[in-house]
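This report looks at how side chains meet in one protein model.

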Amino acid sequence: MNWSVAKPARRRPAWLRPRKGEQGGEWSSSAWKVSMENIGEQVVCLIVYHLLFAMFVWSYWKTIFTMPMNPSKEFHLSYAEKELLEREPRGETHQEILKRAAKDLPIYTRTMSGAIRYCDRCQLIKPDRCHHCSVCDKCILKMDHHCPWVNNCVGFSNYKFFLLFLAYSLLYCLFIAATDLQYFIKFWTNGLPDTQAKFHIMFLFFAAAMFSVSLSSLFGYHCWLVSKNKSTLEAFRSPIFRHGTDKNGFSLGFSKNLRQVFGDEKKYWPLPVFSSLGDGCSFPTCLVNQDLEQQSTPAGLTPAVKNLEGHQFPSKPLRESQSHLLTDPHSWADSSTNSDKGKVGKKGMSNPALTIENET
């Protein structure tokens, strides 16, 4: 005799049971309208979505794995200079050693006391806009900040990548929120089937919208920094020059400030490939609080600074890669007279910011 007991039929979950008005336990076609019906609209959305996602991942990858640039060897002290600094107490003698070491370096900025910016940890003279990162334990060229979200320092080498990362992540979230909006509205008007999918739609919209708000504020802030040619550190503490603090000391105008970060070729602007101008060790700037005794120069020419010997030097110690951001690169180079060329060739071009410090 077969004593087996027939198993009761399994009931479908509540969200799979037919609703009132549905026949044969099958969903009506209108109940499943949770996706786009137009094939062209689907193709366009898929292309845009994957394009934004690919650019977002690419720029995020470059921001994370691009190593921050450090000052070049010319900013490091020699072994003999290090020995002198270790023997001499901090004071005027200490600064005299640093001044001699920095006489041919293109630096303009100073400490709050007017001294040469020197890093004890790295044992080097800091270039303009360079700061020591306590997390990375090294000096970073044009340091903006140390970002925990990318676990890397944002500076000269990857600042463009960081901006593109913010831009594409913002566009990515806005696109998701925009395409999800119509279904989010249907959720509150009972236009969606009573399934678990509607809760996914609600969560996706809220997440995309909240990230869009936070990213838009952060991206807008960095766009303002680029327009003013500032870093985050410089926005909180303005750079200090020989004659005082100048919050716009490195600003060259909106167009030139933008080109300094993104480069001259616009075709590379939307791509996370390095195209920034310069080497990160020197930046074009202008003199702060020029002396009234300086001779006036014709329009279009850069005023020069005189040292004790009467030599004429350009007011902006630039590398050739950035000199064209200001004016014609030959306009200030030709400002030196032919009689000065022999002396400058022998002694090397002194840094005008350091030359000013010798004046009384």
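## A cluster of rings

In this predicted model, ring pairs join Tyr49, Phe53, Phe56, Tyr60, Phe162, Phe165 and Tyr172 into a cluster. Across the whole structure, a search finds 19 aromatic pairs. One of them is formed by tyrosine 49 and phenylalanine 53, a stacked pair with 6.3 Å from centre to centre and 5° between the planes.

Both tyrosine 49 and phenylalanine 53 belong to helix α1 (residues 39–65), where they are four residues apart, about one turn of the helix.

## A stacked pair between two helices

Phenylalanine 184 and phenylalanine 205 have ring centres 4.2 Å apart and planes at 20°, so this pair is stacked. The pair links distant parts of the chain, since phenylalanine 184 is in helix α4 (residues 159–188) and phenylalanine 205 in helix α5 (residues 197–228), 21 residues apart.

Phenylalanine 184 has a relative accessible area of 11% and is therefore buried. Phenylalanine 205 is buried too, at 15%. The cut-off that decides this is a relative accessible area under 20%.

Which rings does the charged end of arginine 129 sit over? One is the ring of phenylalanine 250, whose centre is 4.5 Å away. The other is the ring of phenylalanine 283, with its centre at 5.0 Å.

Arginine 129 also meets glutamate 234 in a salt bridge, at 2.9 Å from N to O. This pair links distant parts of the chain: glutamate 234 lies in helix α6 (residues 232–236) and arginine 129 in the loop between β2 and β3, 105 residues apart. Both glutamate 234 and arginine 129 are buried.

## Other salt bridges

Side chains of opposite charge can pair when their charged atoms come close. The count for this structure comes to four salt bridges. Among them is the one between aspartate 137 and arginine 121, at 2.9 Å from N to O. Aspartate 137 lies in the loop between β3 (131–133) and β4 (138–140), and arginine 121 in the loop between β1 (118–119) and β2 (124–125), so the pair ties together parts that are 16 residues apart in sequence. Aspartate 137 counts as partly exposed, at 38% relative accessibility, whereas arginine 121 is exposed, with a relative accessible area of 61%.

Another salt bridge joins the side chains of aspartate 264 and arginine 259, with 3.1 Å from N to O. Here aspartate 264 is partly exposed at 39% relative accessibility, and arginine 259 is partly exposed with a relative accessible area of 22%.

Cysteine 130 is buried, with a relative accessible area of 0%.

Notes:
Residues numbered from 1 in each chain as written. Predicted model: local features only at pLDDT ≥ 70, side-chain atom pairs only at ≥ 80, totals over all residues. Heavy atoms only, no water. Buried < 20%, exposed > 50% of the residue type's maximum accessible area, 1.4 Å probe, protein only. Phe/Tyr/Trp six-rings, centres within 6.5 Å; stacked < 30°, edge-to-face > 60°. Lys NZ or Arg CZ within 6 Å of the ring centre and 35° of its normal.
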